[in-house]
Amino acid sequence: MTVLALESSCDETAVAILRDGALLASEVASQIALHAATGGVVPEVASRSHLIMLRPTLDAALSKAGISLAEVDAFAATRGPGLATSLMLGMSVAKGLAVGFGKPFLAVNHMEGHLLSPFFGKGGPSPAVGLIVSGGHTMLVDITATASYRLLGQTVDDAAGEAFDKVGKLLGLPYPGGPNVNRLARDGNPKAIDFPRSMLHSDDFAFSFSGLKTSVRYLLPKLAETPLADICASFQEAIVDVLIAKTIRAARTTGRDTIAISGGVSCNTRLREKLTAACEKENLHLLLADPTLCTDNAAMIGYVATLRLAAGETSSLTTDIDPNLRLVV
Ligand code: KG4
Ligand code: ZN
């Protein structure tokens, strides 16, 4: 079974090819440089870039995999959530290829791609507590089996990645803020500033990061006397502490012995380091995706497509994009 998957939900044009669940190629054309000038994604600019980059990215993936389109058994694409004008491009290409080659089409939920990415190449999904931390989402999910998810909690305001990006912008760091805050934090003292850990002790699995962002804003007048590295390290520590405390508690509450963490923020080196130590201490098994699978990519879409196609699922060609698609209804 050879699956070709497209991902164009936001600002990465990505194409992956999987054969029997093994990755043959995963190409990502990043738009980071394009959006750096505006400090954020402008939807029209993103969709125009997808239009330009989809064909060369597809060709690069085919050439890396050493196959032709005629050898593909099914075409998959991200249906949502994401930017409407970006989603429709990947979906249209996948549908067009499926019609042209007379092969099945499968629409994939971007969040399921993130959620299951830590299981890729590790024997398939198994019961776990999943933490998705991306630019648009922060959610804890109880994974009972493939396609069976229960939402434990999510952010009530900003997503973790959004908080990193907004704070990066406040501090005048290059776009996107997340990796740059992470980089500067390496030389900072995480205890320098005692930022609030919102909802740390709340009796649920909800998160809130907008107050933390405001606390950083209050510091701006004192920027000259506070080392930037200390602000970054302390801010990062506050986010990481809350994410870890709630995830460990979710595992204890659900009785799961495995934690699977995904999404762009799961690239964060401090989060990976502290969560690894916390899981060791709590005797929990930690599944971390390879950093190339954490930020947006098509391999995770192809992985979900492979699992669903194997279970006999396909999508109708009338399936439309859904910018607000939910993981759990
Ligand atoms: O999963 P992703 O690529 O896109 C969404 O689906 O949202 O996540 C992108 C987010 C951005 O907010 C980016 O700043 C953040 O992930 N990110 C990081 C790091 N690398 C990427 N945040 C903190 N530390 C990092 N090393
Ligand atoms: Zn994503």
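**Entry 1: strand E4 and its neighbours**

I looked up the pairing of E4 and E5 first: strand E4 and strand E5 (residues 105-109) run parallel, with five bridges between them. I count two strands as paired if DSSP finds at least two bridges between them. Strands (E, at least two residues) and helices (H or I, at least four) are DSSP runs, numbered from the N terminus. Within this pair, Gly 80 stands opposite Asn 109 in E5.

I note that this is a predicted model, where local features need pLDDT of at least 70, side-chain atom pairs count only at pLDDT 80 or more, and totals for chains, interfaces and linings use all residues. Residues are numbered from 1 along each chain as its sequence is written, chains are lettered from A and ligands numbered from 1 in the order in which they are written, and side-chain values use heavy atoms, with hydrogens and water left out.

I then checked the other partner. Strand E1 (residues 2-7) also pairs with E4 in the parallel sense, over four bridges. Ala 5 has Ala 76 in E4 as its bridge partner.

How many residues of E4 (residues 74-80) are buried? I found six of its seven. Buried means under 20% relative accessible area, exposed over 50%, partly exposed in between (1.4 Å probe, protein chains only).

I followed the chain from E4 through helix H3 (residues 84-101) to E5: the three make a right-handed β-α-β unit. Right-handed means that, with the strands pointing away from the viewer, the path from the first strand over the helix to the second runs clockwise.

**Entry 2: the zinc ion**

Which residues hold the zinc ion (ligand 2) as protein donors? I list His 110 (NE2), His 114 (NE2) and Asp 296 (OD), lying 2.0 to 2.1 Å from it. Donors are N, O and S atoms within 2.8 Å of the metal (3.2 Å for Na, K and Ca); water is not among the atoms, so sites may look incomplete.

I read the donor spacing in sequence as H-x3-H-x181-D. His 110 and His 114 are about one helical turn apart because they sit four residues apart in helix H4 (residues 110-116). An α-helix has 3.6 residues a turn, so residues three or four places apart point the same way. Both histidines are buried: His 110 has a relative accessible area of 5%, and His 114 has 1%.

**Entry 3: strand E6**

I turned to strand E6 (residues 128-133). Six of its six residues are buried, so the rest of the structure largely encloses this strand. On one side lie Ala 128, Gly 130 and Ile 132; on the other, Val 129, Leu 131 and Val 133. In a regular strand the side chains alternate between the two faces of the sheet.

E6 pairs with strand E7 (residues 138-145) in the antiparallel sense over six bridges. A hairpin of four residues joins E6 to E7. Ile 132 has Met 139 in E7 as its bridge partner. I also found E6 paired with strand E9 (residues 258-262), parallel, over four bridges.

**Entry 4: two buried residues**

His 50 lies in helix H2 (residues 43-65). Is His 50 buried or exposed? I have it as buried, at 0% relative accessibility.

Val 72 sits in the loop between H2 and E4. Val 72 is also buried, at 0%. I noted that Val 72 and Lys 103 are 31 residues apart in sequence and 8.0 Å apart in space, C-alpha to C-alpha.
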